[in-house]
Structures are given as structure tokens and as C-alpha cells.
Amino acid sequence: MRTILVLNGPNLGRLGSREPDVYGSANLDDLRVMLAAEAGDDVTIDLRQSDDEAELIHWLYEAVDTQSPVILNPAAFTHYSYALRDAASLVTKAGVPLVEVHISNPHARETFRHTSVVSAVATGVIAGFGFDSYRLALNFLTHQP
Ligand code: DQA
């Protein structure tokens, strides 16, 4: 049984009520159910959310130690957290895939969202497809050897 970590950064715990015009009206429980259904029986979806940078960093260490692939929505940390970027780099440098995802398309929004300090160390980036961004990332990861 393989575990895929689905890590979500600040304010994503408020999905469902947070800016539904941008992020939709579904919440993280809906996302967990959707991904678990998509994953099939031999993959466990371990979906977590934190507003705390340190906690997210420690979860990325855990991904290295357990060799667990990661789907990471760094939320606003995307745009300025060098600490999170360095932890994400530890994951991919360890040979563990990490897909950066975004619900919205940050490039179509405010200028400060056009920069990701994480993308350069991610295996790949998927943005702008709502919760399907996570589904596409999961599809990629479950087709890895
Ligand atoms: C986001 C985009 C970020 O700019 C924003 O800060 C978020 C969510 C997204 O999933 O579209 O919190 O990562």
C-alpha cells in the first residue's frame, strides 16, 4: 500500500466558504473523498492542511523519510517562503516526486501571485483546474513506477 501525502497550506482549511468565486464551494473533506475514490485500493490518500509553515516543513521531512510522493498546494507560501521551498527541494533531491498544485491559476491573478519560489524545485506544476489540479497530479503520481 503506497501513501500519497496531499499537503495544503494556509487558509485552505477555509475552502468551501473562502472566495467561492475563485476556489469553488467544495471543502477539503470533499477533496479527500474525491481523491480517495480516484486513488483506488492500493493507494492511501493522507490529506492534511496547516496554516503553520513549520508544520508543513516537517511534513515534507516526513515525505523524505517515508519516501512518500507529495501533492503540495503551498497556498500563499508559494509566493515567498524560501523555507518551504528548501524543504520541497529536499523531497525532490531525495528522488521523491512532488507536484505543486493550485486550484486557481495564479498567473491570471494579482502580480504577487505570478511568482512561485517552489516551482523550480517541484517535479511539475498544475494550476487552474479547480480540484482537478489535484486529480491530475494524483494521476501522474499513481502512474509512476
Ligand atoms: C492558491 C493560490 C495562491 O495564490 C493563494 O494564496 C492560495 C491558493 C490556489 O490553490 O489557487 O491560498 O494556492
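Reader: Which residues does Arg113 touch, not counting residues up to four places away in sequence?
Author: Arg113 touches Tyr23, His79 and Pro106 when residues up to four places away in sequence are not counted. Contact here means heavy atoms within 4.5 Å.

Reader: What kind of model is this, and how are the residues numbered?
Author: This is a predicted model, in which local features need pLDDT of at least 70 and side-chain atom pairs count only at pLDDT 80 or more, while totals for chains, interfaces and linings use all residues. Residues are numbered from 1 along each chain as its sequence is written, and side-chain values use heavy atoms, with hydrogens and water left out.

Reader: Back to Arg113: where is its place, and is it buried or exposed?
Author: Arg113 has its place in the loop between S4 and S5. Its relative accessible area is 14%, and Arg113 is therefore buried. Buried means under 20% relative accessible area, exposed means over 50%, and partly exposed lies in between, with a 1.4 Å probe and protein chains only. The labels S and H stand for strands (E, at least two residues) and helices (H or I, at least four residues), which are DSSP runs numbered from the N terminus.

Reader: What does UniProt annotate as "active site"?
Author: The unreviewed UniProt entry places the annotation "active site" on Tyr23 and His102. They span 80 residues in sequence, yet no two of their C-alpha atoms are more than 9.6 Å apart, so they gather at one spot. Tyr23 and His102 both belong to the lining of the largest cavity. UniProt positions are given in the numbering used here, with feature names shortened, and such annotations may be inferred rather than shown by experiment.

Reader: How many cavities of 30 Å³ or more are there?
Author: The count comes to one cavity of 30 Å³ or more. A cavity is a set of points, on a 1 Å grid over the protein atoms alone, where a 1.4 Å probe fits but cannot get out; lining residues have an atom within 4 Å of a point.

Reader: What volume does the largest cavity have, and how many residues line it?
Author: The volume of the largest cavity is about 140 Å³. A volume is the space filled by probe spheres set on the grid points, which are joined across faces, edges and corners. The lining holds 13 residues, of which Tyr23, Ala75, His102, Arg109 and Arg113 lie nearest the centre.

Reader: How do the lining residues divide?
Author: The lining divides into six nonpolar, four polar and three charged residues. Ala, Val, Leu, Ile, Met, Phe, Trp, Tyr, Cys and Pro count as nonpolar, Asp, Glu, Lys and Arg as charged, and the others, Gly among them, as polar.

Reader: Which residues does the "binding site" annotation cover?
Author: In the unreviewed UniProt entry, "binding site" covers Asn73, His79, Asp86, Ile103, Ser104 and Arg113. They span 41 residues in sequence, and the farthest two C-alpha atoms are 23.6 Å apart, so they do not all gather at one spot. From this set, Asn73, His79, Ile103, Ser104 and Arg113 are in the lining of the largest cavity.

Reader: And Asp86, where is its place?
Author: Asp86 has its place in helix H4. Its relative accessible area is 47%, and Asp86 is therefore partly exposed.

Reader: Which residues in H4 are buried, and what do they pack against?
Author: Leu84, Ala87, Ala88, Ser89 and Val91 are buried in H4. The buried residues of H4 pack against helix H3 (53–66), strand S3 (70–73) and strand S4 (98–102).

Reader: How far apart are the end C-alpha atoms of H4?
Author: They are 16 Å apart, which agrees with the 16 Å that the 12 residues of H4 (residues 82–93) should span at 1.5 Å a residue. The expected span is 1.5 Å times one less than the number of residues. Just after H4, Gly95 takes a positive phi of about 85°.

Key
On a 1 Å grid over the protein atoms alone, a cavity is a set of points where a 1.4 Å probe fits but cannot get out, and a pocket is an open set with protein on both sides within 12 Å along at least five of seven lines; lining residues have an atom within 4 Å of a point.
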